[in-house]
Amino acid sequence: MTIRQLSVFLENKTGHLNEILAVLAKNNINIVALTVADSSDYGILRAIVSDPEKALEALRAEHYTVRVHDILSLEMAAAPGSMSHILDLFTAADICIEYVYAFSFGSKSILMIRTDNLDKSIEVMKANELKSITEEEIK
Amino acid sequence: MIWNKEMECMSRNEMRDLQSERLKQLVNHVYTNVAFYRQRIDEMGIKPSDIHSIDDIVKLPFTYKTDLRDHYPFGLFAVPMKEIVRVHASSGTTGKPTTVGYTKKDIENWREVLARCLSMCGISSDDIMQVSYGYGLFTGGLGVHYGAETIGCSVIPISGGNTRRQLQLMSDFGSTVLACTPSYALHLADALAENGYSLADMKLKTGVFGAEPWTENMRLELEKKWGIKAFDIYGLSEIMGPGVANDCPAHAGLHVHEDHFFPEIVHPDTKMPVADGEEGELVFTTLTKEGIPLLRYNTRDLSTLNRSTCECGRTTVRMKKITGRSDDMLIIRGVNLFPSQIEHVLLEMGETSAHYMLYVDKVNNLDTLELQVELDEANMVDTIKDLQNLARKIEHALNSAVGLSVKVTLVEPKTIARSEGKAVRVVDKRKK
């Protein structure tokens with residue numbers, strides 16, 4: 001139901017994002033999906049990568065504040081309205097969405113969702129037979 | 001005007017005799033009534049009877065701010081609580097404040113020295129004094145208030161803050177004297193125009209500024225901005241509060257009321273007394289204090305002493321205006337702050353690393369404080385909201401612990417430089 005996401009604390013400095021990407025590149029880690037949340041002082045880089053453990057180790061070694069979080073991963077049909085349909089189910093269960101991002105992997109459309117209640121979200125996915133995607137499938 | 005000619009213009013020899021008498025009484029008082037001092041004096045291998053004159057003061061032990069903290073809250077009081085009529089407190093080096101207590105006689109003496117200070121500034125019963133120092137546990141407000149009443153001023157106890165109302169009352173009531181921190185006086189001056197006032201609306205003649213170190217240049221700037229005479233009042237709660245010393249119209253050093261507070265200057269490293277004119281740490285012995293008398297309290301303020309007769313006619317010893325300290329204490333908006341207090345709060349919370357940097361600055365003449373603290377991995381979250389909540393939580397904890405508002409910024413690990421010797425924890429951009 002979930003896959004591991006890297007969350008990296010990122011100060012607002014020119015070239016800073018690229019420094020992190022360079023660390024990943026040097027260690028031959030592929031970025032499958034990436035999004036940056038920003039505020040006036042700092043941001044959070046969120047990324048799905050080919051090898052989360054190796055990425056964690058490499059970034060730690062360079063003194064970044066980094067952690068791995070389990071985030072809901074859903075496979076969507078590549079058709080209009082499919083994302084809206086999924087979110088309807090969460091809303092009906094009174095689950096609040098903290099953040100969401102989507103990406104394509106091969107022919108698959110993938111939705112990453114962070115809600116305020118992980119357990120309840122998993123129940124909703126199971127009850128509605130929503131299709132999840134595993135880390136193996138996107139390697 | 002000289003409030004107490006007898007004391008303020010006494011010959012040096014007579015003053016020495018008076019101080020010698022008072023020191024002997026003081027040492028007996030603390031030896032008999034304060035366990036801490038009895039132990040310290042015993043440890044030094046001396047007896048109260050070894051103190052014959054003020055010159056013997058060098059035989060006595062020093063007192064530090066940490067001693068007050070270690071005996072929090074009333075451990076150094078020399079009289080039973082039933083004789084204490086007032087308690088004040090200021091921030092200590094860590095979580096606990098420094099507490100002081102006053103007997104009726106102490107309050108009388110405080111009024112007396114403040115009456116001398118205010119008279120030195122040319123203030124009299126003809127004046128309307130706006131006291132914009134904070135009232136409460138801080139000694140500033142109430143201390144100046146009592147002194148102003150003693151000389152018969154009409155006192156406006158407005159306390160600190162609320163700039164708009166300060167200016168309105170200053171204009172409506174026709175205040176002739178303003179008593180506050182120099183930085184607040186500058187802030188008020190700069191706020192005149194935007195609040196619809198000009199100097200023509202004000203009757204201000206005199207400023208009594210203190211509770212933070214400030215330069216002679218700032219004094220001149222305040223005189224110019226307000227069109228007033230500005231004076232420096234010095235004090236610290238451990239010794240009495242405001243009124244330990246004050247400068248006269250000659251502005252050639254601050255007259256210490258040395259019949260009550262005996263000053264020494266010691267070398268910051270060796271703690272040995274230095275010659276008059278040489279700079280060192282300012283040390284006070286409270287010759288007449290009953291509630292919490294202190295022997296050789298090291299203020300950590302840096303100054304020099306001058307025992308020559310002043311052109312104003314006073315013979316009392318003058319201390320050079322304080323512009324620095326020998327420790328890392330900061331004075332922010334009149335509030336004492338040690339970086340160790342910040343560290344204490346961070347360690348107690350345990351939600352960030354203990355690597356931090358304090359940035360002190362002045363914006364619109366008011367001190368600002370920013371804390372940059374490194375976020376560690378255990379507390380890394382994946383939403384901005386949670387990071388902001390963490391920063392706000394630290395801000396609240398600091399605010400309640402040190403009584404100052406602090407802007408907290410989270411930074412990445414290793415962004416704060418590690419130093420090999422003594423860590424640099426403070427960048428004070430106020431210093432020019």
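Chain A of this predicted model contains four helices and six strands (helices are DSSP runs of H or I with at least four residues, strands are E runs of at least two, and both are numbered from the N terminus). Along the sequence these elements follow the pattern β-α-β-β-α-β-α-β-β-α. The radius of gyration of chain A, taken over C-alpha atoms, is 16 Å, close to the 14 Å given by the globule rule for 139 residues, so chain A is as compact as a globular protein of that length; the rule is 2.2 Å times the number of residues to the power 0.38. Along the principal axes, the C-alpha atoms of chain A fill a box of roughly 45 × 30 × 25 Å. Of the 139 residues in chain A, 27% are buried (20 or more other C-beta atoms within 10 Å of the residue's own; exposed, 12 or fewer; partly exposed, in between; C-beta atoms are placed from the backbone).

Residues are numbered from 1 along each chain as its sequence is written, and chains are lettered from A and ligands numbered from 1 in the order in which they are written. In this predicted model local features need pLDDT of at least 70 and side-chain atom pairs count only at pLDDT 80 or more, whereas totals for chains, interfaces and linings use all residues.

Between the chains, 19 residues of chain A are in contact with 14 residues of chain B (C-beta atoms, placed from the backbone, within 7 Å). Strands S1 (2–11), S3 (42–49), S4 (66–76) and S5 (97–105) of chain A each give two or more residues to this side of chain A, and the largest share, four residues, comes from S1(A). By class, the side of chain A that touches chain B has seven nonpolar, six polar and six charged residues (nonpolar: Ala, Val, Leu, Ile, Met, Phe, Trp, Tyr, Cys and Pro; charged: Asp, Glu, Lys and Arg; polar: the others, Gly among them).

Chain B is assigned domain 1 (69–327) and domain 2 (335–428), with bounds from an automatic or database domain assignment. The centres of the two domains, taken over C-alpha atoms, are separated by 30 Å. Nine residues of domain 1 of chain B are in contact with 14 residues of domain 2 of chain B. Helix H8 (residues 182–191) of chain B supplies the largest share of the domain 1 side, four residues.

In helix H5 (residues 104–120) of chain B, 12 of the 17 residues are buried, so H5(B) is largely enclosed by the rest of the structure. Among them are Trp110(B), Glu112(B) and Arg116(B). Just after H5(B), Gly122(B) takes a positive phi of about 80 degrees.

Terms used: Two residues are in contact if their C-beta atoms, placed from the backbone, lie within 7 Å.
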